[in-house]
Amino acid sequence: MARLRLAFAGTPDFAAQIFGRLLDDPRLQMVDWVGVLTQPGRPQGRGQKIQPSPVQNVAAAHGIPVSTPAKLSVSDPEGAQAQAWLAQQKPDLLLVVAYGLLLPRAVLALPRHGCLNLHASLLPRWRGAAPIQRALQANDPETGVCLMQMEEGLDTGPVWAQRATPITTADTFGTLYETLIDLGSEVLQDFFLEWPFGHRSPRPQSSVGVLYAHKLSAQDQWVRFAAPALTVFGQIRALDPLPSARCMHRGLALKCGGVSVRESVGIWGRPGEILSLPQGQQGLVVACETGAIALGWLQQAGGKRLPAMEFCRGYRIEPGELLGDLLQEQKDHV
């Protein structure tokens with residue numbers, strides 16, 4: 001069987017989990033892992049100590065050489081050094097999963113068979129940095145993963161393999177994240193088991209239905225209750241459990257999640273108005289522009305995440321009070 005010299009480029013936990021499953025798959029004996037590109041370590045925790053990326057930790061545990069450039073451009077000394085290092089590894093393919101750096105043309109052309117990218121959406125929908133969150137935010141009925149041949153455009157390359165999964169009303173970023181790790185691992189395992197690929201070729205992406213999953217901003221975290229309940233539902237679950245949606249109450253920021261839609265509450269209030277306190281399995285019911293949502297958990301800054309009933313009891317939240325976003329709170333106090 002032909003050997004495959006495979007290099008890997010990735011940074012966060014999503015990439016590390018997939019990388020680890022490939023390394024541990026006993027069926028992939030034809031793969032020689034020759035090197036890993038990952039972003040430099042970042043300061044973490046109270047002491048702000050530099051910690052290596054999750055992918056670097058996986059590579060180190062398996063004795064795989066690692067390069068951690070902050071840039072890959074040949075015009076940058078560190079980038080030029082990383083390119084030279086990768087060339088020395090002589091990869092047949094470079095597999096990219098959530099790396100976080102754009103690959104310049106020279107890197108794309110370096111492996112004998114080019115570079116492959118596992119992307120967490122059904123391309124061409126949700127190209128870009130935050131495909132899982134944007135699919136949830138838009139209340140898409142399904143999402144999935146695509147394995148594509150990389151080119152210079154942003155997630156524009158032809159697709160080798162695709163697998164879909166439904167998005168249920170119970171899904172959050174946390175649950176869908178785990179589902180797509182499973183799905184992505186399966187797609188890659190199946191793909192590499194077919195090496196060498198013979199006469200197979202990837203299919204071009206459609207020019208119809210292109211959407212960009214722009215990176216989340218701090219403003220995306222603030223819940224805007226002056227929107228339909230379904231829109232608010234999508235926004236909150238796209239951030240649950242991390243980095244968490246936020247709302248203002250009595251001048252303080254609260255994190256919130258565990259959201260569900262309550263379309264038929266009976267009496268509508270102002271956007272952000274607390275309509276009823278938690279009862280049984282029902283969370284804290286809050287009015288939106290149309291309809292209402294229920295929050296299953298809340299968290300005060302520096303405090304623990306608590307079920308809505310327990311939080312409201314300790315925090316003494318009352319019906320008729322308002323929840324709002326930071327921008328609206330600032331306007332109200334001008």
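1. Leaving aside residues up to four places away in sequence, Ser67 touches Val36, Leu37, Thr38, Ala82 and Trp85. The model under review is a predicted one. Within it, Ser67 belongs to strand S5, which covers residues 66–67. Its relative accessibility is 12%, and Ser67 is therefore counted as buried, the cut-off being under 20%.

2. The buried positions are Ala229, Val232, Phe233, Gly234, Gln235, Ile236 and Arg237.

3. What do the buried residues of H7 pack against? Their partners include two helices, H5 (131–137) and H6 (173–193). Strands S12 (245–249), S13 (252–257), S14 (260–262) and S17 (292–295) also take part in this packing.

4. Turning to the whole chain, the protein contains nine helices and 19 strands. Its C-alpha atoms fill a box of roughly 70 × 45 × 40 Å along the principal axes. Among contacts with a separation of 6 or more, 66% join residues 24 or more positions apart.

5. As for burial and surface, 49% of the 334 residues count as buried. The accessible surface amounts to about 16100 Å², and carbon and sulfur atoms account for 54% of that area.

6. On charge, the protein carries 30 positive and 29 negative side chains. The centres of these two sets lie 4 Å apart.

Note on methods
Residues numbered from 1 in each chain as written. Predicted model: local features only at pLDDT ≥ 70, side-chain atom pairs only at ≥ 80, totals over all residues. Heavy atoms only, no water. Helix = DSSP H or I, 4+ residues; strand = E, 2+ residues; numbered from the N terminus. Buried < 20%, exposed > 50% of the residue type's maximum accessible area, 1.4 Å probe, protein only. Contact = heavy atoms within 4.5 Å. Areas by Shrake-Rupley, 256 points an atom, 1.4 Å probe, with all protein chains shown as cover. Lys, Arg positive; Asp, Glu negative; His and termini not counted. Charge placed at Lys NZ, Arg CZ, Asp CG, Glu CD.
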